[in-house]
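Please open the model in the viewer and keep the selection tool at hand.

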Amino acid sequence: MNKWVKKSINLANSRGYLDRLFEVYPIEMGAIRGLPKGTKAKVKNVLKTKNKLHLIETLLKLSKFPIDDPYIASLRRHPHLLKKNPKTIKRIGKRLLSMGLGTILKLVAKPKSPSRQLGHSFKNWLLTKKYPFLKENEFKETNKVAFLEGSDKKLKEFVINELKIRSLKRRPDFILKTKNKFILGEAKFLTDYGGTQNNQFDGALTMTKIKRDKIIGIAVLDGIAWFKSNSYMYKTLNKLNRIAISALLLEEFIKKGP
């Protein structure tokens, strides 16, 4: 097991890990979504008619559909499908009618999920640290600890054009220069086991396979992956000889090196 993996497991399973992690990934509940004027009356009237197609059409005009259903995006983006798929309309419409006006209005006004707001949290946290973010020319020439400034696209172009790594399919979340080494990192806050979260976990670990002269890839992982369990994530980390690390240890890693 890599020493940074071991340190991260010990940290995550000690007192106050989640409390400290809130500094990196703060959660703010979004405001209740405002509903267009007359929405309540329109939905109420359609519910009275029990017209499933008309009800779905009305609700698709709102920014938030009241239920999560994998077919909604197709219906929203391609309205002509509404009249071509009566069984789908019947299925979704039946569920909506069973919910009633109060529940529907409550759900369409529901704030965005906090998990969808985490994308830029890590990068915003990095900006609060003492390390400078430099433009490409300054970054290449500096002998001090620094991060490369730029968009995800810019960072990937640097990896391909300057570091000559053309096999990397994922965009790094950051490129760090320390002790004349380039550290490529991908950061993920994992909130649960299985499915999409496992895919995110595996994707981040692909970054750790990069190891060349003065170029190292790391995964900055936080959340449920580090907790002692029989999960796929924990078992994988327990055998990992590459660098995966909690964000809370990143400054120590920068000081001490790989």
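**Aromatic cluster**

In this predicted model, select F122, W125, Y131, F133, F147 and F174, which ring pairs join into a cluster. Over the structure as computed, the count of aromatic pairs comes to 12. A pair of aromatic rings is described by the distance of the centres and the angle of the planes.

**Helix α3**

Next, select residues 39-49, helix α3, and colour T39, V43, V46 and L47, the buried residues of this helix. Viewed around the axis, these residues cover an arc of only 105°, which puts them on the same side of α3. K50 follows α3 and has a positive phi, near 60°.

**Loop between β3 and β4**

Move on to the loop between β3 (174-178) and β4 (181-190), and select K179. Most residues other than glycine have a negative phi. K179, however, has a positive phi near 55°; this residue is exposed, with a relative accessible area of 53%. Select N180 in that loop between β3 and β4 as well. N180 is not a glycine, yet its phi is positive, about 60°, and N180 is partly exposed, at a relative accessible area of 42%.

**Confidence**

Finally, colour the protein chain by pLDDT, which averages 90, with 94% of the residues scoring at least 70. Where is confidence lowest and where highest in the protein chain? Helix α5 (residues 72-77) has the lowest mean, 88, and strand β7 (residues 244-245) the highest, 98.

Definitions and conventions:
Residues are numbered from 1 along each chain as its sequence is written. This is a predicted model: local features need pLDDT of at least 70, side-chain atom pairs count only at pLDDT 80 or more; totals for chains, interfaces and linings use all residues. Side-chain values use heavy atoms; hydrogens and water are left out. Rings of Phe, Tyr and Trp (its six-membered ring) pair if their centres lie within 6.5 Å; planes under 30 degrees apart count as stacked, over 60 as edge-to-face and the rest as tilted. Buried means under 20% relative accessible area, exposed over 50%, partly exposed in between (1.4 Å probe, protein chains only). Helices (H or I, at least four residues) and strands (E, at least two) are DSSP runs, numbered from the N terminus. The arc is that of the directions from the helix axis to the C-beta atoms. pLDDT is the predictor's confidence in each residue, from 0 to 100.
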